[in-house]
Amino acid sequence: MARSALTGTRVRERRLRIGMKQADLARSAGISPAYLNLIEHNRRRVGAALLTALASALGIEEAALAEGAESALMEGLREAAAGAAGAETEPEIARIEEFVSRFPGWAELLSARQARVGALERAVEALSERMAHDPFLSASLHEVLSAATSVRSTAAILAESEDIDPIWRERFHGNIFADSTRLSEAAQALVTFMDTTEAGETGLSSPQEEVEAWLARTDYHLVALERSHPPAPEALIAGVPELATGAARTLALAHIARYRADALALPLEPFQRAVAELGADPAALSARFAVAPSAIFRRLVTLPRAAAPALGMLVCDASGGVTFRRPLPGFALPRHGAGCPLWPLYEVLARPAVLVRLPVEMAGRVPQRFVLHAFAETSHPGGYDGPQVIAAMMLIQPALTPRSDVERPVGPACRICPRAACVARREPSILIGSGA
């Protein structure tokens, strides 16, 4: 277990907080008070056995002394410091751990505020993307504007015309009533739509999102399909609350059929052993099982959480339209429209059957590093005389190797990307110039 330079400070803070004397703690831990004094002033390192004894005597978890229960606070403070880049007074990042140890209350408050800021920023990004790309939202807004304009025009005629034939006045009143009803219904639909959340609701805005909510609840691993004799596909989706529409159930059945085919081609236990041996390396696993990388991608993101590292995946068709998403923290995936044009997902559409590996740095308040694997495959569902159908997929892995100069700077969608000097930018970002 890693022990930071301030383990002793945490020992002292805990001892004073519970009102224990230094001599009593030293006696319980089997060391002299003088040696404990050196530890508490961070002048002696704490071995594993002594750490266990001190934690037991203080009634606290070893990790709280070794790593600090405030490790999450420090991450929040680092993120807050990164957001203050360019300020007149630069935060002392090197002294964050000291600040957390000496002022835990202030540290917790600042970290909580930063978490709130991050949550609000993500909400703004999601709403901006939805407003830019969602056809339902656009239609609803136009309906509201149309109804409001109609009511205003009719009301203006009634207000400005002193002598109106009673028959026409009655018609105008009827128009106002009909338009106000239309306005009320459109506004109510719009509010209901905007109030939907991203997790587990049945009021999701598209069948694909309904399927994604169902898969997210199962952690993308469908246990029943791993058995020798799985139940009928229809039985797996019967009564699933997320699959509220017929279109969503149709997509779910297609996903189940694809999942089952992958499970038969790549049985769970042998595949898990191969992943443990080779890692989540699509090229090596594809060679080991003699299957296309696309099947490896899909299988990796459906493994039980304990069997593989956290992975994300994005699939699109030849138009760039997203057909499958498995989000990964730190790597923003679009809900509507295309993502970053620098993602290899789009490059491989022009290079089918070529596996591409690319290390990247995702833009953000605290940039994060990932390794992207991309692959496109073609099919001819209408026969070889019919059109060629291309699907591209991108596997997203956290980078575990040291930083290198070959990492490509990428972002989420252009509209919410803070990289001002990107050569591939197609539209201004709402974040540039806002301090993001």
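Tyr220 is buried, at 7% relative accessibility (buried means under 20% relative accessible area, exposed over 50%, partly exposed in between, with a 1.4 Å probe and protein chains only). This is a predicted model, so to speak of local features a pLDDT of at least 70 is needed, side-chain atom pairs count only at pLDDT 80 or more, and totals for chains, interfaces and linings use all residues. Residues are numbered from 1 along each chain as its sequence is written, and side-chain values use heavy atoms, leaving out hydrogens and water.

**Aromatic pairs**

- The structure holds 6 aromatic pairs (rings of Phe, Tyr and Trp, the last by its six-membered ring, pair if their centres lie within 6.5 Å; planes under 30 degrees apart count as stacked, over 60 as edge-to-face and the rest as tilted).
- One of them joins Tyr220 to Phe324 edge-to-face, with 6.2 Å centre to centre and 80° between the planes.
- Tyr220 sits in the loop between α11 (207-217) and α12 (233-237) and Phe324 in strand β2, so this pair ties together parts that are 104 residues apart in sequence (helices, H or I with at least four residues, and strands, E with at least two, are DSSP runs numbered from the N terminus).
- Phe324 is buried too, with a relative accessible area of 13%.
- Phe331 and Phe370 are edge-to-face because their ring centres are 5.2 Å apart and their planes stand at 90°.
- Ring pairs link Phe331, Trp343, Tyr346 and Phe370 into a cluster.

**A charge over a ring**

- Arg171 lies over the face of Trp168, at 4.7 Å from the ring centre (a charge sits over a ring if NZ of Lys or CZ of Arg is within 6 Å of the ring centre and within 35 degrees of the ring normal).

**The sheet**

- Six strands form an open sheet with mixed pairing, in the order β2-β1-β5-β4-β3-β6 (two strands pair if DSSP finds at least two bridges between them).
- The edge strands, each pairing on one side only, are β2 (322-326) and β6 (408-410).
- From one strand to the next, the twist averages 25° (axes are lines fitted to C-alpha atoms, for helices over the stretch in contact, and angles run from 0 to 180 degrees between N-to-C directions).
- Helix α16 (residues 293-300) packs on the sheet, where it touches β1 (312-317), β4 and β5 (389-398), and its direction makes about 130° with that of β4 (contact means heavy atoms within 4.5 Å).

**Strand β3 and its partners**

- Strands β3 (residues 356-362) and β4 (residues 368-379) pair in the antiparallel sense over 7 bridges, forming a hairpin with 5 residues between them.
- Within this pairing, Val356 has Ala374 of β4 as its bridge partner, while Val360 has Phe370.
- β3 also runs parallel to β6, joined to it by 3 bridges, and Met362 has Val410 of β6 as its bridge partner.
- β3 is mostly covered, with 6 of its 7 residues buried.

**Pro412, after β6**

- Pro412 is found in the segment after β6 and is buried, with a relative accessible area of 8%.
- Apart from neighbours within four places in sequence, Pro412 is in contact with Ala332, Gly339, Cys340, Trp343, Met362 and Cys417.
- Pro412 and Trp343 are 69 residues apart in sequence, and 9.2 Å apart in space from C-alpha to C-alpha.
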